[in-house]
Amino acid sequence: MPKEQNYNNHIRFYPPHHFVFYPLMLLLIAACIYFSFNDKGNKLIWLFMGGGFVCLTWVAFMLRQHYALTLQNRIVLLELRYRYLAVTGKRFEPVEAKLTDGQLFALRFAPDEELEQLVQRALNENLKGDEIKKSVKNWKADNRRV
């Protein structure tokens, strides 16, 4: 069973990327920089390879984040619409249009019994996403997110 989730531990890491791929890429980039200064005969080759590793790292980071987060965002919004309808009997789309993405995604951590009140506070007080998260009394874990 996963550890109970709350505001302080809700950030999630993906070990193959965060602890294997990225450190390896940083090591290769550092090696290319080192050899570009110490192997004068092949300086351009080392700089070119280092630039290639930087580009590869950037593309891997952007694609991984973009695809996963785009899908996650759609799912979170669909869940929020369903939960709001189930709790209040009203459609969420009119309210959703008045909230920012950060506010919407923060509301996913609110349990059903706090959802309507936090939505109203977010609208009335223009709470930022982080303020919404800190306002949640009984954190609803999101253990399946990216």
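## Largest pocket

The largest pocket has a volume of about 340 Å³, where a pocket is an open set of points on a 1 Å grid over the protein atoms alone at which a 1.4 Å probe fits, with protein on both sides within 12 Å along at least five of seven lines. Its lining (residues with an atom within 4 Å of a point) comprises 16 residues, and Arg12, Gln65, Leu69, Arg145 and Val146 are the closest to the centre. The model is predicted: local features need pLDDT of at least 70 and side-chain atom pairs pLDDT 80 or more, while totals for chains, interfaces and linings use all residues. Residues are numbered from 1 along each chain, and side-chain values use heavy atoms, without hydrogens and water.

Helix H2 (residues 43-88) gives the largest share of this lining, 5 residues; helices are DSSP runs of H or I with at least four residues, numbered from the N terminus. By class, the lining has 7 nonpolar, 4 polar and 5 charged residues.

## Second largest pocket

The second largest pocket holds about 270 Å³. Of its 14 lining residues, Ile75, Glu79, Asp142, Arg144 and Arg145 lie nearest the centre. The classes here are 6 nonpolar, 2 polar and 6 charged.

## Nonpolar core

The largest nonpolar core has 21 residues, namely buried ones (under 20% relative accessible area, 1.4 Å probe, protein chains only) joined through side-chain atoms within 4.5 Å. Phe92, Leu99, Leu107, Leu115 and Val119 touch the most other members. H2, helix H4 (101-107) and helix H5 (112-125) each supply at least two residues of this core.

Beyond its neighbours within four places in sequence, Leu107 is in contact (heavy atoms within 4.5 Å) with Leu80, Arg83, Leu99, Leu115, Leu118, Val119 and Ile132.

Notes. Points joined across faces, edges and corners; volume = space filled by probe spheres on them. Nonpolar A, V, L, I, M, F, W, Y, C, P; charged D, E, K, R; others polar. Buried < 20%, exposed > 50% of the residue type's maximum accessible area, 1.4 Å probe, protein only.
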